[in-house]
Amino acid sequence: MTQSFRITLLPGDGIGPEIMAVTLDVLKQVGSKLDLEFTFQEALIGGAAIDATGGPLPEETLTACRESDAILLAAIGGYKWDTLPRELRPETGLLGMRAGLGLFANLRPATILPQLIDASSLKREVVEGVDIMVVRELTGGIYFGKPKGVFTTETGEQRGVNTMAYTDSEIDRIGRVAFETAQKRGGKLCSVDKANVLEVSQLWRDRITAMSADYSDVELSHLYVDNAAMQLVRWPKQFDTIVTGNLFGDILSDAAAMLTGSIGMLPSASLGADGPGVFEPVHGSAPDIAGQDKANPLAQVLSAAMMLRYGLNQPQAADLIETSVLSVLDQGYRTGDIMAEGATLVGCQAMGEVLLKALA
Ligand code: IPM
Ligand code: MG
């Protein structure tokens with residue numbers, strides 16, 4: 001029986017539309033091969049939405065997202081919108097979508113592919129075999145805590161304020177996702193906080209520690225965030241699954257991503273308690289190379305694989321995409337960001353074409 005899925009596509013800004021076009025072709029081909037029917041619906045977010053509607057997250061976009069089975073997002077933002085007031089910036093649209101869809105769990109894998117080891121800035125022996133999953137809390141912490149804003153003090157000075165706050169239930173629900181993720185991976189979970197200084201982090205640590213009683217098959221450890229940043233570049237192979245709050249996760253996931261040599265290769269998944277998840281590359285909209293057919297579409301394509309695996313429960317389709325990506329890399333095709341000696345340099349579209357051949 002044919003299974004049907006409704007997918008909302010959010011191409012966004014910069015290189016977004018180019019990498020989304022490649023991914024759409026890949027999904028169509030996978031669908032026809034495995035008898036999966038996809039209905040695609042495109043919606044606006046970020047700068048594209050600002051230009052068309054005046055705001056970064058039109059209500060129709062949220063509605064379209066809520067009515068779909070999964071959401072595939074490319075990237076948002078660009079110089080053009082950087083000077084707008086905060087509530088009108090593309091980033092605010094992204095944060096609004098995370099909050100609006102309740103996407104509290106952000107899964108960011110950093111897996112080094114053997115074909116790309118030499119693209120890493122670290123030594124081969126340090127990165128070979130690295131396979132880390134960062135589980136980042138995405139709808140709480142300092143990104144959303146109140147009070148926030150710039151206030152005027154009694155002496156007439158301005159005072160900028162953000163608040164890092166987590167409640168028991170917010171910590172517990174991300175903790176559960178992290179322990180369960182670790183169970184399916186290497187069985188090791190490292191919780192990252194700043195409990196030596198921050199009260200909010202002490203609560204985080206206490207709750208995560210208490211939860212570990214329910215997950216006796218997971219080996220739990222704790223690191224302060226400064227040490228974690230250092231350990232990530234010193235000996236990343238010590239990590240399996242990492243769980244951390246919104247801000248620390250933002251920072252550490254970029255560092256973990258770069259271990260693999262190219263942030264242009266990494267997908268991510270943002271999941272809620274129920275309802276559709278959002279699947280997107282870790283990289284941004286790269287406005288400097290937009291429209292030049294230079295972008296690496298592979299993180300977007302791998303995000304579609306993550307969507308099939310975690311959002312639509314279609315592991316076979318996900319495997320098929322991931323295998324094809326490895327196959328084109330084995331054949332020596334590279335976009336500029338991962339180019340190596342002796343490899344064949346291709347643009348975004350040509351990468352899509354060789355992927356379709358590999359899929360067939
Ligand atoms: C990310 C990005 C976003 C974040 C920005 C664009 C709001 O850096 O997804 O990591 O800080 O979460
Ligand atoms: Mg970030």
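Predicted model: local features only at pLDDT ≥ 70, side-chain atom pairs only at ≥ 80, totals over all residues.

Biologist: Which side chain has an N or O atom 2.8 Å from an oxygen atom of ligand 1?

Modeller: That of Arg108. A polar contact is a pair of N or O atoms within 3.5 Å (within protein, one must be able to donate a hydrogen and the other to accept it, and residues adjacent in sequence count only if both atoms are side-chain atoms). Residues are numbered from 1 along each chain as written, chains are lettered from A and ligands numbered from 1 in written order, and side-chain values use heavy atoms, without hydrogens or water.

Biologist: What makes Tyr143 a polar contact of ligand 1?

Modeller: A polar atom of its side chain is 2.5 Å from a ligand oxygen. Asp250 also has a polar side-chain atom by a ligand oxygen, at 2.9 Å. Both values fall within the cut-off, so both pairs count. The protein buries 75% of the 320 Å² that ligand 1 exposes when taken alone (Shrake-Rupley method, 1.4 Å probe).

Biologist: Which residues surround ligand 1?

Modeller: They are Glu91, Arg98, Arg108, Arg136, Tyr143 and Asp250. Each has a heavy atom within 4 Å of the ligand. Five are charged, one is nonpolar and none is polar. Asp, Glu, Lys and Arg count as charged; Ala, Val, Leu, Ile, Met, Phe, Trp, Tyr, Cys and Pro as nonpolar; the others, including Gly, as polar.

Biologist: How many cavities of 30 Å³ or more does the structure hold?

Modeller: Two. On a 1 Å grid over the protein atoms alone, a cavity is a set of points where a 1.4 Å probe fits but cannot get out; lining residues have an atom within 4 Å of a point. Volume is the space filled by probe spheres on the points, which are joined across faces, edges and corners.

Biologist: What lines the largest cavity?

Modeller: It has 13 lining residues, with Met164, Tyr166, Ser201, Gly245 and Phe248 nearest its centre. Eight are nonpolar, four polar and one charged.

Biologist: What lines the second largest cavity?

Modeller: Arg108 is back, among others including Pro109, Val134 and Leu266. This lining has seven nonpolar, one polar and one charged residues.

Biologist: Why is the Phe5 and Phe38 pair called tilted?

Modeller: Rings of Phe, Tyr and Trp (its six-membered ring) pair if their centres lie within 6.5 Å; planes under 30 degrees apart are stacked, over 60 edge-to-face, the rest tilted. This rule gives four aromatic pairs. Here the centres are 6.1 Å apart and the planes at 35°, so the pair is tilted. Phe5 is in strand β1 and Phe38 in strand β2, so the pair ties together parts 33 residues apart in sequence. Strands are DSSP runs (E, at least two), as are helices (H or I, at least four residues), numbered from the N terminus.

Terms used
1 Å grid on protein atoms, 1.4 Å probe; cavity = no way out; pocket = protein on both sides within 12 Å on 5 of 7 lines; lining within 4 Å.
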